[in-house]
Amino acid sequence: MDDVITMAHGSGGVQTSKLINNLFKKHFDNPYLTADDAAVLDIPAGKLAMSTDGFIVSPFEFSGGNIGKLSICGTVNDIACMGARPKYLTCAMVIEEGFPIAKLDQIAASMAETAKAAGVYLVAGDTKVAGKGQVDNIFITTTGIGQIIDGADTSGAYAKPGDKIIVTGDIGRHGCTILLARNDFKIDLDISSDCAPLNKNVEAMLEVTKDIHVIRDATRGGVGTVLYEIAGESNVGISLNSEDVPVDQGVKGVCGMLGLEPLYLACEGRLVVFAPADKADDIVAALKNCPNSEGAAIIGEVTAENPGKVVLTTAVGAKTMLSRPSGELLPRIC
């Protein structure tokens with residue numbers, strides 16, 4: 001096999017076949033993976049959730065993952081947030097001419113490993129090669145479908161006054177990791193992305209209770225943006241206690257130096273959950289017993305006051321409106 005991707009790898013000829021058979025099939029082979037134009041799947045009875053997402057993260061490798069792992073986690077988590085068990089994924093890759101095939105192999109291996117951990121099948125895909133400079137290394141789009149778990153019914157429009165707000169772990173690590181990986185600020189800290197598939201965590205919560213109103217993954221814009229989105233969708237207020245929001249000490253340090261707000265830094269392995277107050281402690285206990293959510297915590301509650309707003313109680317007890325960022329805080333983080 002060649003050392004780098006050439007335009008011939010996207011031509012549909014011999015080189016394309018070799019790339020698919022010697023690299024992608026090696027990692028993705030499963031009973032549903034097809035060489036035909038579309039996969040034929042077993043579809044369970046009931047409702048399905050479907051999602052698609054594009055990934056253009058820069059750099060494509062970072063502490064705790066790479067674009068391949070991220071592309072699986074992102075779509076798996078979007079489906080899981082609807083109360084569904086992800087079952088099948090497809091992927092489309094746009095690869096820059098000259099991209100190292102050894103790196104592509106690592107990305108595919110990460111995708112296969114993450115899909116296996118999530119219990120999903122990669123069943124079909126597409127590969128395109130763009131000329132040098134027409135794309136930045138590699139872009140990936142994944143689409144997934146999953147089966148809605150019986151009794152689950154979640155939406156950003158379902159938050160109710162009295163609900164407790166839960167995060168499944170410390171926030172802002174992915175955004176901080178990408179910022180450090182770019183090395184623009186020459187900050188040397190050991191911080192890794194929280195990138196992880198969370199469908200098993202959602203299942204654990206739903207085993208405790210189906211009475212969960214909202215599940216949302218806090219990706220671009222972080223937890224703060226998610227809270228504002230849900231406050232608007234449900235026309236409720238949100239009261240947040242800053243002292244209860246878990247933030248890694250390294251992330252706190254970087255944010256302090258650069259004037260960033262951790263609530264607006266992206267996560268790729270954290271959920272925001274709205275549930276009735278009498279169920280919240282049991283949900284947190286279940287999350288703490290799952291990988292990637294051991295740091296779950298209640299950080300606030302839903303109120304009837306200040307609809308559409310997020311009110312933050314600071315460390316000194318003062319109440320202030322959480323300001324919304326404008327523009328792009330940190331582009332190309334996913």
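Axes here are lines fitted to C-alpha atoms, for helices over the stretch in contact. Each view below shows a detail of a predicted model.

**View 1. Helices H2 and H3 pack against each other at an angle of about 30 degrees.** H2 covers residues 67–80, and H3 covers residues 101–118. Their axes lie 7 Å apart. Angles under 35 degrees count as roughly parallel, and H2 and H3 are therefore roughly parallel to each other. Their crossing is right-handed. From H2, the contact takes in Ile67, Gly68, Lys69, Ser71, Ile72, Cys73 and Val76. From H3 come Ile107, Ser110, Met111, Thr114, Ala115 and Ala118. Sorted by class, the contact of H2 with H3 has eight nonpolar residues, four polar and one charged.

**View 2. Tyr32 and Tyr88 form an edge-to-face aromatic pair.** A pair of aromatic rings is described by the distance of the centres and the angle of the planes. The count of aromatic pairs comes to four. For Tyr32 and Tyr88, the centres are 5.2 Å apart, with 65 degrees between the planes. The pair links distant parts of the chain, 56 residues apart. Tyr32 sits in the loop between helix H1 (14–28) and strand E1 (48–55). Tyr88 belongs to strand E4, residues 84–96. Is Tyr88 buried or exposed? Buried means under 20% relative accessible area. Tyr88 has 5% relative accessibility, so Tyr88 counts as buried.

**View 3. Helix H4 is largely enclosed by the rest of the structure.** Why is H4 described as largely enclosed? Eight of the 10 residues of H4 (residues 173–182) are buried, so the rest of the structure largely encloses this helix. The buried residues are Arg173, His174, Gly175, Cys176, Thr177, Ile178, Leu179 and Leu180. What covers them includes E2, H2 and H7. Asn183 follows H4, and its phi is positive, near 60 degrees.

**View 4. Ala266 sits in the loop between helix H7 (249–258) and strand E10 (271–275).** Ala266 has 5% relative accessibility, so Ala266 counts as buried. Which residues does Ala266 contact, leaving aside its neighbours within four places in sequence? Among them are Arg173, His174 and Gly175, which are also buried residues of H4. Gly172, Ala218, Thr219, Arg220, Gly222 and Ile333 are in contact with Ala266 too. Ser17 is 249 residues from Ala266 along the chain, and their C-alpha atoms are separated by 37 Å.

**View 5. Val223 lies in helix H6, residues 222–234.** At 2% relative accessibility, Val223 counts as buried. Leaving aside neighbours within four places in sequence, Val223 is in contact with Val167, Ile171, Ala218, Leu263, Val272 and Ile299. Ala218 is also in contact with Ala266. Val254 is 31 residues from Val223 in sequence. In space, the two are 17 Å apart, C-alpha to C-alpha.

Conventions
Residues numbered from 1 in each chain as written. Predicted model: local features only at pLDDT ≥ 70, side-chain atom pairs only at ≥ 80, totals over all residues. Heavy atoms only, no water. Axes fitted to C-alpha atoms, helices over the stretch in contact; angles between N-to-C directions. Helix = DSSP H or I, 4+ residues; strand = E, 2+ residues; numbered from the N terminus. Parallel < 35°, antiparallel > 145°, perpendicular 65-115°, else oblique. Left-handed = near helix turned anticlockwise from the far one by under 90°. Contact = heavy atoms within 4.5 Å. Nonpolar A, V, L, I, M, F, W, Y, C, P; charged D, E, K, R; others polar. Phe/Tyr/Trp six-rings, centres within 6.5 Å; stacked < 30°, edge-to-face > 60°. Buried < 20%, exposed > 50% of the residue type's maximum accessible area, 1.4 Å probe, protein only.
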